[in-house]
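I opened my notebook to keep a record of what I looked up in this protein, going from the whole chain down to single residues. Please read the entries with the structure in view.

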Amino acid sequence: MYTPVDPKAEFPKQEEEVLKYWNENDTFKKSLSQREGSEEFVFYDGPPFATGLPHFGHFIPSTIKDIIPRYQTMRGKHVPRRFGWDCHGLPVENLIEKELGINSKHEIEAYGVAAFNEKCKASVLKYTAEWRKTITRMGRWVDFDDDYKTMSPDYMESIWWVAKSLWDKGLVYEGKYILPYCPRCSTVLSTHELSQGYKEKQDPAITIRFKAKSSPEKFRDEDMEAGRVYFLAWTTTPWTLPSNLGLTMGPEIEYVKVRDVQSGDFYVLASSRLSAYYKNESDYEIIYARKGSDFCGAKYEPIFPYFASLEKCKDGSDGAFRIFNADYVSTEDGTGIVHTAPAFGEDDSKVFKKANEGKSEDAQIPFVEPIDAECKFTEEVPDFAGRFVKDCDKDIMDRLKREGKLIKRDTIMHQYPHCWRCSSPLIYRGIGSWFVKVAGHNDALLKANAQIKWQPAHIKEGRFGKWLAGARDWAVSRNRYWGNPIPIWKCEKCGETVCVGSRKELQDLSGVYPEDLHKQFVDEITFACKKCSGTMRRIPEVFDCWFESGSMPYAQLHYPFENKEFFETHFPANFISEGLDQTRGWFYTLTVLAAHLFDKPAFSNCIVSGLVLASDGRKMSKSLRNYTDPEEAIGKFGADAIRLFLMHSTVVKADDLRYSDDGVREVLKSILIPLWNSYSFFVTYANIDGIVATGREFENSLPQNPLDRWILSVTQSLVKNVGAALDDYDLSGAIDPIVDFIERINTWYIRRIRRRCWKG
């Protein structure tokens, strides 16, 4: 007898009974032990932070990561599934700063780095129990007991090996570039992190007039010599104006000198931008038109006095406060003339580097950067010293207006990068950092990418491939505390550097074997410089936490110190899956490190999911309460209905999905309840007639009834089509045949066999 079926299915309650059965019988562990010795299917699980609770965004990759390993296990393969935790980085630090009521680097240092890091360590796994409960309730099989943690000494040591391997290949260097910098966290971000934090932001957009002092090299202008001509420049960052050292024009852009009819002053700006400043042609008179290349060398008066001495270089040659040329200048907005502060813009920096190229130190224009680690003005700008630069925008504009230098004041709404961890607007500034070489190795990255199967396929040559083709060097150092210390020691005396690749190597150099590799311990370890006998001290920076997660294929196994043969015969992974944002994150860092270390991809197959939005199309927000709490949704509909709703949607094709309870209800109504009803029908009449299925009814001959033959054929097609789709990592394609099968069972087969069942 089959257990009688209640036609009114309580799916959440049934799921809880199944979970109880799995738990009591160690079903997941048995599924692994039964496959011991079979072909391995290698799966890498990207580590989340446990500083927050799981949400709908985690349900998608988690469900995908459950389906594919289950399927491969059903195909007879051994599929270990280790969970992992991202333990280091600013998300943890920010949590502790809030707890301690502090808000800056200097406050952390005053509190004590060792004490601060201990607080971070204690809080890292704050919500692991909640994660385990929720992920398990979603029906996912994953090993939480043998999880890996990026803060464990073995994991950290493998990252030191990665760093040393890159160092030995000449792929690590120290440099100073204009990089996105978080003033709140006082650290640089990688270029690939920028895409995770863009927000709509309103900024000032102002036009300033710079008074000419002398003519350019190519022609003489008496009005310039007499101080009657002004160059009009546009900027959206007024706070950088105290650091202005030049104005930049496009060499091929046409510029005009016009006489303002109302004031009588002469202005120079791009001819195509006249209509943005004058309503009527009668308001101005064009004196002449020339290309930007003709204006090179013309000098102007600094609008602020702070760095006026830089007008001449040390050797007496022309220095700052003159016109330069660069191809990046456009006429899409502004005046066609760009205010240039080389310490606060990548293009600005390139202009001055080119101007300084090949010159002696005394003939070079120095870059001025009058801000501190928290982006507050230093005493070099006494009128604004001690204030956060963006807070000074209004006062700077007011001062320029009083002095008659502000021509136009507007605002602009634009997408601006913010720190993905703390949401602070980023500042572009010259910053010293340690880099892993990527630019110049793009072909190796593309070669690795060519070996990966992406689902959806357009990611390969599209979003990910294009990103790899234009990838820049990776800034891997962070001026923070709770992270894996970069294992580079530098001599205080001669500057010699050594990269240490293991605890044993550090012991050989210093006599100290560190059990814990965190900053507060290894920073105390010094040794003598082999070059000059000076003291070698570790540089203060820690690794970008993306470097740690990108190293997980090696670090989770403590490679190469342990599991060497296993890793080398099981790399790359067969499968990974995360969201679309990871084309700039985990997918990227995995690929860079694997290509550099092994000339291979880190994974062979990848399913990329999209973002789950609220039903109104906005980001899911607790404060807006625009979505059902995940636990409540599971309790109401069951995890199967939610899983099916998510997996049978465009979200598994890297597109965004608007979650709604109505969508889940429709899955229940059209798929799960009809399936349950068909099972209920079978059990009812099988029990009446005492029929028990063995699964071997048709081993020797097919049924005589053509309708029975048809449904067996349909079933075989179901198996074939679902298997083919899962082999192709096409989840929605695997669900389509199941939905179709349920429709055929209910609408066709059961309707037409009812009388046969009634007759026994």
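The entries below follow the order in which I looked things up.

**Ground rules.** I noted that the model is predicted, that local features need pLDDT of at least 70 and side-chain atom pairs count only at pLDDT 80 or more, while totals for chains, interfaces and linings use all residues. I also wrote down that residues are numbered from 1 along each chain as its sequence is written, and that side-chain values use heavy atoms, with hydrogens and water left out.

**The whole protein.** I looked up the secondary structure and found 25 helices and 27 strands; both are DSSP runs numbered from the N terminus, with helices (H or I) of at least four residues and strands (E) of at least two. The C-alpha trace spans about 110 × 75 × 45 Å along its principal axes. Of the 760 residues, 55% are buried, where buried means under 20% relative accessible area, exposed over 50%, and partly exposed in between, with a 1.4 Å probe and protein chains only. I then looked at contacts, meaning heavy atoms within 4.5 Å, and among those with a separation of 6 or more, 78% join residues 24 or more positions apart.

**Nonpolar cores.** A nonpolar core is a set of buried Ala, Val, Leu, Ile, Met, Phe, Trp, Tyr and Cys residues joined through side-chain atoms within 4.5 Å. The largest has 63 residues, and Phe 210, Phe 231, Leu 241, Tyr 255 and Phe 295 have the most contacts inside it. Strand E5 (residues 198-214) gives the largest share of this core, four residues. I found a second, separate core of 55 residues, which includes Phe 56, Val 79, Phe 575 and Val 714.

**Cavities.** On a 1 Å grid over the protein atoms alone, a cavity is a set of points where a 1.4 Å probe fits but cannot get out, a pocket is an open set with protein on both sides within 12 Å along at least five of seven lines, and lining residues have an atom within 4 Å of a point. Grid points are joined across faces, edges and corners, and a volume is the space filled by probe spheres set on the points. I counted four cavities of 30 Å³ or more. The largest holds about 80 Å³, and of its 14 lining residues Gly 89, Leu 90, Arg 478, Phe 543 and Cys 545 lie nearest its centre. The second largest cavity holds about 70 Å³, with Trp 167, Val 436 and Phe 543 among its lining residues, and helix H8 (residues 153-168) supplies the largest share, three residues.

The largest cavity has five nonpolar, three polar and six charged residues in its lining, whereas the second largest cavity has 11 nonpolar, no polar and no charged residues.

**A pocket.** The second largest pocket has a volume of about 1,700 Å³ and a lining of 47 residues, with Asp 640, Arg 643, Leu 672, Leu 675 and Ile 738 nearest its centre. H1 gives the most to this lining, eight residues, and by class the lining has 31 nonpolar, four polar and 12 charged residues.

In helix H6 (residues 113-123) I found Phe 116, Asn 117, Cys 120 and Ser 123 buried. Seen down the axis, these buried residues fall within an arc of 125° (taken from the directions from the helix axis to the C-beta atoms), so they line one face of H6. They pack against H4, H5 and helix H16 (519-522). Ile 108 is in helix H5 (residues 105-111) and is buried at 0% relative accessibility. Leaving out residues up to four places away in sequence, Ile 108 touches residues including Phe 116, Arg 480 and Tyr 481.

**Glu 578.** Beyond its neighbours within four places in sequence, its contacts include Asp 45, Lys 65, Trp 586 and Ser 609.

Definitions and conventions. Nonpolar A, V, L, I, M, F, W, Y, C, P; charged D, E, K, R; others polar.
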